[in-house]
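Hello,

Here is the structure for your files. My notes on it follow below.

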Amino acid sequence: MRRTVLAVTAALLVAEAAGFALVNYVMGVMVDYQQMSLAGMDPAAASKGAWAGAVLTALYFLSCALVLVVAAVRDRAPGRFGRVLLISAAVVTAVVGAAGAALVGWAAFGVMMLLLCAQVLSLVVLGERGDGERGDADGSSDGAVPGTGPLSPNLEAPQGSA
């Protein structure tokens, strides 16, 4: 099930990349066609900026999908950079979903929240085994008993107290 969740989420991220790229491309075409300007900025610069945004956003979400595909193939959680990339993609999806509710409507919000749910589910599934380290049966890799570290609450009475 773990690999299936990761593969489906990777496919959804590819679709999200295509959607973001398409929206940014259309915005660039519209700005170019209407010769729009913001505060005296050259309209060609605005349209090229939208197209560059389309490329960068698509590459961002495609790299997130690649991290998930690699994690699914290896059946191992990604490293720190991969986790940060996936978490940041989830945050971007949530923010765009919230903005989409105000600008486009509740249907766009619902779609973005479904994408967010898939991304969060993949992060939860990736977190089941830790960072891919091999450990004891309880998941600890140093042999320590869970709940007995320096930050654990001391539930027993202190030694030597009367």
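**What was found**

Of the 162 residues in the chain, 30% are buried (under 20% relative accessible area; exposed is over 50%, partly exposed in between; 1.4 Å probe, protein chains only). This is a predicted model: local features need pLDDT of at least 70, side-chain atom pairs count only at pLDDT 80 or more, and totals for chains, interfaces and linings use all residues. Residues are numbered from 1 along each chain as its sequence is written, and side-chain values use heavy atoms, with hydrogens and water left out.

The fold reads α-α-α-α along the sequence. That is four helices and zero strands (DSSP runs, numbered from the N terminus: H or I of at least four residues for helices, E of at least two for strands).

There is one salt bridge (a side-chain nitrogen of Lys or Arg within 4 Å of a carboxyl oxygen of Asp or Glu). Asp75 pairs with Arg2, with 3.1 Å between the closest N and O atoms. Asp75 sits in the loop between helix 2 (43–74) and helix 3 (80–103) and Arg2 in helix 1 (residues 2–34), so the bridge ties together parts 73 residues apart in sequence. Arg2 is buried, at 10% relative accessibility. Asp75 is partly exposed, at 22%.

Of the contacts (heavy atoms within 4.5 Å) with a separation of 6 or more, 67% are between residues 24 or more positions apart.

The accessible surface of the chain is about 10,700 Å², and 69% of that belongs to carbon and sulfur atoms (Shrake-Rupley method, 1.4 Å probe; for residues, only the protein chains shown count as cover).

Best regards
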